[in-house]
Structures are given as structure tokens and as C-alpha cells.
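Visitor: Walk me through this structure, please. Keep it brisk.

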Amino acid sequence: MSKKPLIVLPLLIAVGAGAYWWTHTGVAPQPESELTLYGNVDIREVNLAFGTTEHIADLLVQEGDRVEAGQVLGRLHGDKLEAAVAAAQAQAAAQEQALAALKAGSRPQEIRRARAQADALKARARTAQITYERQQKLARQKLAAPEDLDQAEAAADAAEAEAEAAEQTYGLAVAGARVEEIAQAEAQLQAQRANLALAQAQLADATLKAPAAGIVRERILQPGDMAFPQNPALTLALMNPLWVRAYVPESDLGRVALGARATVTTDSFPGKVYRGWVGFISPTAEFTPKNVETPDLRTRLVYQVRVFVCNPEDELRLGMPATVTIPLDQPGPAPGGAKPCDP
């Protein structure tokens with residue numbers, strides 16, 4: 001019996017298996033000169049919320065509106081907030097004047113008045129002392145009643161105490177405020193200024209501004225709604241940077257480098273090629289996500305990559321399926337970190 005049919009049979013089986021695989025997958029083996037990945041266009045989104053609690057007065061944008069960085073998107077009713085700022089400004093100004101008065105000390109007229117009062121009370125004390133001494137002489141000669149002597153003594157003591165108090169008042173007028181009083185006034189002024197800054201910040205938070213250029217994706221709240229810092233009013237899609245989220249099989253990970261140039265194509269714009277570069281490679285492996293259409297088995301471990309892409313005509317949209325091609329014969333990333341979108 002000839003053995004030739006036994007040799008030909010395995011070859012026919014191999015050829016048939018290859019034809020079956022090609023017919024049912026529709027994917028040819030990737031050439032060694034490039035690596036093809038499959039993913040979806042992705043962007044960053046931010047939830048924008050007012051920084052204080054108040055009713056919304058107006059929202060100035062609609063879904064789909066393109067906005068620039070710093071553009072005003074909405075405002076809250078600000079009457080109460082403006083009144084709080086005015087009150088805080090008045091309190092801070094009053095405390096500034098009080099501190100200035102303490103630092104300036106007594107006016108010359110106040111010092112002269114204190115000196116005059118002290119001199120007048122000293123003269124009164126001397127007169128009271130003379131009267132008391134005369135009453136003592138008369139009492140020794142039995143010419144004055146005891147109660148007259150007691151009254152004269154009390155008047156002399158009171159006049160002396162008043163003169164001493166006036167002298168102390170004059171000394172305080174000359175010395176001015178104590179260091180501790182000035183320090184206390186300065187601390188109170190700082191507290192008033194902090195209250196003013198807080199009121200101004202709350203008033204500023206009543207205006208919602210775009211943190212970066214983008215497109216309004218969703219308008220969650222409406223004028224008249226109560227805004228809270230924890231409740232977003234708008235969702236903003238940041239169109240720069242724009243990237244394709246794709247997945248590299250573990251066996252091809254060593255063939256992809258950060259900064260490597262790439263091209264991106266989509267089904268929505270057949271034949272149009274977008275320039276890009278590899279901007280991120282995940283340091284950890286994961287199983288292939290089910291929403292990624294690749295010709296490989298889904299149980300394979302893959303690494304997520306972000307291929308940043310140029311979108312000069314604003315054609316790419318969030319979630320759009322995309323195909324990424326990375327040439328493997330390129331010398332390396334552009335020198336100095338330059339990217340394909342750079343002019």
C-alpha cells in the first residue's frame with residue numbers, strides 16, 4: 001500500500017483549516033512592519049458645579065455649544081452674596097480705623113487736657129490737705145468738733161486719690177495704647193479681612209466659568225433650580241486632548257514605545273487618516289474588554305494604551321470606533337517630545 005495519501009491528507013487538513021480561519025475571521029496576519037490596534041475615541045469630561053448654594057438666575061449655554069476657557073456659563077442670584085460682601089467690607093474698614101487710632105496714640109489736645117485736669121486735682125488736693133491740717137490744730141485747742149476733723153481728713157484723702165488718678169490718666173495719654181491692645185486689634189482686623197475674602201469668594205462662586213475649552217455635553221440644572229456645590233449644573237467635554245483608547249496584547253507590548261508615531265482611521269470617514277502618537281501605556285495588565293472588537297481571543301491579557309490623535313476639523317466624536325496603526329520601523333519618538341500636532 002502506498003503511503004503518499006497518508007502524507008497528503010494532513011497537508012489538506014492544514015490548508016482547509018487555514019482557509020476556514022481566513023473565511024470566518026476576515027483578518028489577515030499583521031505584517032511585521034506595523035501593529036494594528038482597535039479601540040474607541042475617548043475624551044475627558046468634567047462636571048461643573050457652582051461653588052455656593054443659591055437659586056440659579058441664568059444658564060447661558062445649551063447642549064452642543066462650544067465654549068472657551070474662562071467663558072461665563074451661568075450665574076446665581078447674587079443679592080444676598082453682594083450684601084454680605086458690603087457688610088464685610090464695612091466691618092473691615094471700621095477695624096482698620098480702630099487699629100490706626102491705637103497706633104497713632106492720643107492727640108496733643110487730649111494730652112494737654114489730661115495734664116490740666118491732673119494739675120487742677122493736685123491743687124484741690126493741696127487745698128484739702130491744708131484745710132485738714134488747720135482742723136487738726138483747732139481740734140488740739142478744743143476749738144473744732146471731732147466730726148469736722150473727720151470730714152476734713154476724708155476730703156483730703158479723696159482729693160489726693162483723685163489727683164493720683166488724674167496723673168495716671170495723663171501718663172496713659174502720653175504712653176498711648178499697650179502693645180497687647182495693638183496686637184489684639186491687628187488680630188481682629190485679620191479676622192475681618194478673612195471674612196471679607198470669604199464673602200468675596202462666595203460671590204465669585206456664584207458665577208460658573210469654563211475651566212477649559214470644550215463642548216457642553218449635558219445641561220443638568222435649569223434656571224430657578226437650587227444649586228449646591230455637590231450637584232453639577234453642566235457637563236463639559238474637553239476636546240483637547242483627544243485620544244483613542246486601545247489595547248495591546250501582551251505579546252506585542254515590547255513593540256510599542258511611548259511617543260511612537262501612529263495613524264488613526266475610522267469607519268465614519270473612510271480613507272481619511274489622522275495623525276497621532278502613543279501617549280500612555282498602562283503599567284498593569286487586564287482582560288480584553290468586551291466592547292473592544294479585535295480578532296484575538298478575549299481571554300488574552302492586554303495593556304491599555306492611549307493614542308493621542310490630531311483632530312483639526314473636529315470630526316472625531318466620543319465613542320467612535322477607530323483603528324490605530326503603529327509603524328514598527330520608525331527610529332523612535334520625535335526629539336524633544338514634539339508631537340505630530342505641533343506646527
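**Pocket, helix and rings**

Guide: The lining of the second largest pocket holds 12 nonpolar, 3 polar and 3 charged residues. Ala, Val, Leu, Ile, Met, Phe, Trp, Tyr, Cys and Pro count as nonpolar, Asp, Glu, Lys and Arg as charged, and the others, Gly among them, as polar. This is a predicted model: local features need pLDDT of at least 70, side-chain atom pairs pLDDT 80 or more, while totals for chains, interfaces and linings use all residues. Residues are numbered from 1 along each chain as its sequence is written, and side-chain values use heavy atoms, without hydrogens and water.

Visitor: Which element gives the largest share of the lining of the second largest pocket?

Guide: Strands here are DSSP runs of E, at least two residues, and helices runs of H or I, at least four, numbered from the N terminus. Strand 3 (66-67), strand 8 (234-249) and strand 12 (301-309) each give two or more residues to this lining. The largest share, 5 residues, comes from strand 8.

Visitor: How far apart are the end C-alpha atoms of helix 2?

Guide: The expected span is 1.5 Å times one less than the number of residues. Helix 2 (residues 79-104) has 26 residues, so it should span 38 Å; the computed distance agrees, at 38 Å.

Visitor: Are the rings of Trp 277 and Phe 308 stacked or edge-to-face?

Guide: Rings of Phe, Tyr and Trp (its six-membered ring) pair if their centres lie within 6.5 Å; planes under 30 degrees apart are stacked, over 60 edge-to-face, the rest tilted. The centres of Trp 277 and Phe 308 are 5.8 Å apart and the planes at 20 degrees, so the pair is stacked.
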